Amino acid sequence: MIRHIISILIENESGALSRVAGLFSARGYNIESLTVAPTEDASLSRMTLVTRGSEEIIEQITKQLNKLIDVVKLIDLAESNHIERELLLIKVKTSPEMREEIRSLSDIFRGKIIDVTPTTYIIEMTGPSEKLDAFVAAIDPDSIIETVRSGPTGISRGEKGLHL
């Protein structure tokens with residue numbers, strides 16, 4: 001089961017997200033992550049959807065998505081060279097003895113401490129999912145208060161792109 005990042009240009013109308021999610025739930029497919037944001041064209045949004053499946057399942061998903069009236073265009077980023085990133089926000093407990101160690105670890109992974117209290121740090125980090133997984137694994141699980149992850153998003157490399 002290969003992970004696929006499907007990038008979709010969708011009409012910026014109410015109910016569009018619901019119709020895409022409904023397509024997945026009606027067929028028993030899982031959405032690992034989903035992000036939606038406006039594009040440079042106010043009438044369109046870009047949806048980035050991450051799912052797993054065989055080539056046949058992904059082909060079926062893309063065909064069904066293309067049939068939705070709200071979907072203007074879509075591409076499966078796994079089919080071409082692309083760059084993907086994910087955002088992680090993690091809140092960790094800190095003690096005076098551990099603050100420097102956590103700061104060093106954050107620097108090694110190119111994270112940024114964006115909030116400091118006497119007992120916590122909030123660290124922001126972007127990168128491939130594997131990098132974020134490694135950072136979380138490097139921190140003592142008892143120190144982690146909360147994690148928030150965006151899920152992967154991506155863009156095609158070179159001249160190829162998702163546009164009208």
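## The chain as a whole

The model is a predicted one, and residues are numbered from 1 along the chain. The protein chain has four helices and nine strands, and from the N terminus on these elements follow one another in the order β-α-β-β-α-β-β-α-β-β-α-β-β. Along its principal axes, the C-alpha trace spans about 60 × 35 × 30 Å. Of the 164 residues in the protein chain, 37% are buried.

## Helix α1

Helix α1 is made of 12 residues, 16-27, which at 1.5 Å a residue should span 16 Å, and the distance of 17 Å between its end C-alpha atoms agrees with this. Which residues of α1 are buried? They are Ala16, Val20, Leu23 and Phe24. These residues cover an arc of only 90° around the axis, and therefore they lie on the same side of α1. The other side of α1 carries the exposed residues Ser18, Ser25 and Ala26.

The buried residues of α1 are covered by parts of the chain that include strand β1 (2-11), strand β3 (44-53) and helix α2 (55-67). Just after α1 comes Gly28, which takes a positive phi of about 75°.

Gln64 then touches Leu23 and Arg27, and Leu23 is one of the buried residues of α1. Thr62, counted in this way, is in contact with Ile6 and Leu74.

The buried residues of helix α3 are Arg99, Ile102, Leu105 and Ser106. They cover an arc of only 130° around the axis, which puts them on the same side of α3. On the other side of this helix, Asp107 and Ile108 are exposed. Among the elements that cover the buried residues of α3 are strands β5 (82-93), β6 and β7 (120-127), together with helix α4 (129-138).

Helix α3 is followed by Arg110, which is placed in the loop between α3 (99-108) and β6 (112-116). Most residues other than glycine have a negative phi. Arg110, a residue other than glycine, has a positive phi near 60°. With a relative accessible area of 74%, Arg110 is exposed, since exposed means over 50%.

The relative accessible areas given for single residues are set out together here.

| Residue | Relative accessible area | State |
|---|---|---|
| Arg110 | 74% | exposed |

## A residue of strand β6

Val116 lies in strand β6. Leaving aside its neighbours within four places in sequence, Val116 is in contact with Arg99 and Tyr121, and Arg99 is among the buried residues of α3. How far apart in space are Val116 and Lys91, C-alpha to C-alpha? The distance between them is 9.7 Å, while in sequence they are 25 residues apart.

## The largest pocket

Rolling a probe the size of a water molecule over the atoms shows where empty space is left. The largest pocket has a volume of about 200 Å³. Of the 16 residues that line the largest pocket, Leu9, Glu40, Arg46, Leu162 and His163 are the closest to its centre. The elements that give two or more residues to this lining are β3 and β9 (153-156). By kind, the lining residues divide into seven nonpolar, five polar and four charged. Strand β3, which contributes to the lining, is also one of the elements that cover the buried residues of α1.

Notes:
Predicted model: local features only at pLDDT ≥ 70, side-chain atom pairs only at ≥ 80, totals over all residues. Heavy atoms only, no water. Expected span 1.5 Å × (residues − 1). Buried < 20%, exposed > 50% of the residue type's maximum accessible area, 1.4 Å probe, protein only. Arc of directions from axis to C-beta. Contact = heavy atoms within 4.5 Å. 1 Å grid on protein atoms, 1.4 Å probe; cavity = no way out; pocket = protein on both sides within 12 Å on 5 of 7 lines; lining within 4 Å. Points joined across faces, edges and corners; volume = space filled by probe spheres on them. Nonpolar A, V, L, I, M, F, W, Y, C, P; charged D, E, K, R; others polar.
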